[in-house]
Amino acid sequence: MDEFFRSEGFVDGETRTKILKTAIDEIKINTCKLACRQVEKILRIREEFGWQIYRLIAKEVFLRCGGDANEASEKLVLVLSTNIVARFICKENIDPKPTVGTPSSAIVVATTNN
């Protein structure tokens, strides 16, 4: 990407487009390598500590707008992650599925059941 920015004013548009495409391809390759390393680290930690790993899929949040996005965020990410953390902290068999109510009530319920 550095070469793309440095080339401004020194090369024609076609060359600049090729430089940009190359830079974007390099970013994609590096991002893929980074993601693969992160997955390897997560799997290694899971094996070493015997932790159960949960995947929170937030795609629906990004596909929605405004209030719908906030609702999806609370339902699909906030409540679910709060329950997972509460389960981990309390070492109880709390169902990690979303519960009815606010995320803070899930924490209160989880922490008062000790």
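Here are legends for a few close-up views of this predicted model.

View 1. Follow the chain along its sequence and you get the pattern α-α-α-α-α. That comes to 5 helices and 0 strands. Of the 114 residues, 18% count as buried. If you look at contacts with a separation of 6 or more, 26% of them link residues 24 or more positions apart. The chain exposes about 9,200 Å², and carbon and sulfur atoms supply 60% of that area.

**View 2. R16 and the residues around it.** R16 sits in helix α2, which runs over residues 13-49. Is R16 buried or exposed? R16 counts as buried because its relative accessibility is 17%, and the cut-off for buried is under 20%. What does its side chain reach at 2.5 Å? The answer is the backbone oxygen of F4. Leaving aside neighbours within four places in sequence, R16 is in contact with F4, F5, S7, E8 and V11.

**View 3. A nonpolar patch on the surface.** Eight names to find here: I42, I45, F49, W51, I53, V85, F88 and I89 form the patch. Together they have about 790 Å² of accessible area. Which elements give two or more residues to this patch? They are α2 and α4, the latter spanning 66-90. F88, one of the patch residues, lies in helix α4.

Methods. Residues numbered from 1 in each chain as written. Predicted model: local features only at pLDDT ≥ 70, side-chain atom pairs only at ≥ 80, totals over all residues. Heavy atoms only, no water. Helix = DSSP H or I, 4+ residues; strand = E, 2+ residues; numbered from the N terminus. Buried < 20%, exposed > 50% of the residue type's maximum accessible area, 1.4 Å probe, protein only. Polar contact = N/O pair within 3.5 Å; in protein donor to acceptor, adjacent residues only side chain to side chain. Contact = heavy atoms within 4.5 Å. Areas by Shrake-Rupley, 256 points an atom, 1.4 Å probe, with all protein chains shown as cover. Patch = residues over 30% accessible without salt bridge, like charges linked within 9 Å, V, L, I, M, F, W, Y side chains within 5 Å. Salt bridge = Lys/Arg side-chain N within 4 Å of Asp/Glu carboxyl O.
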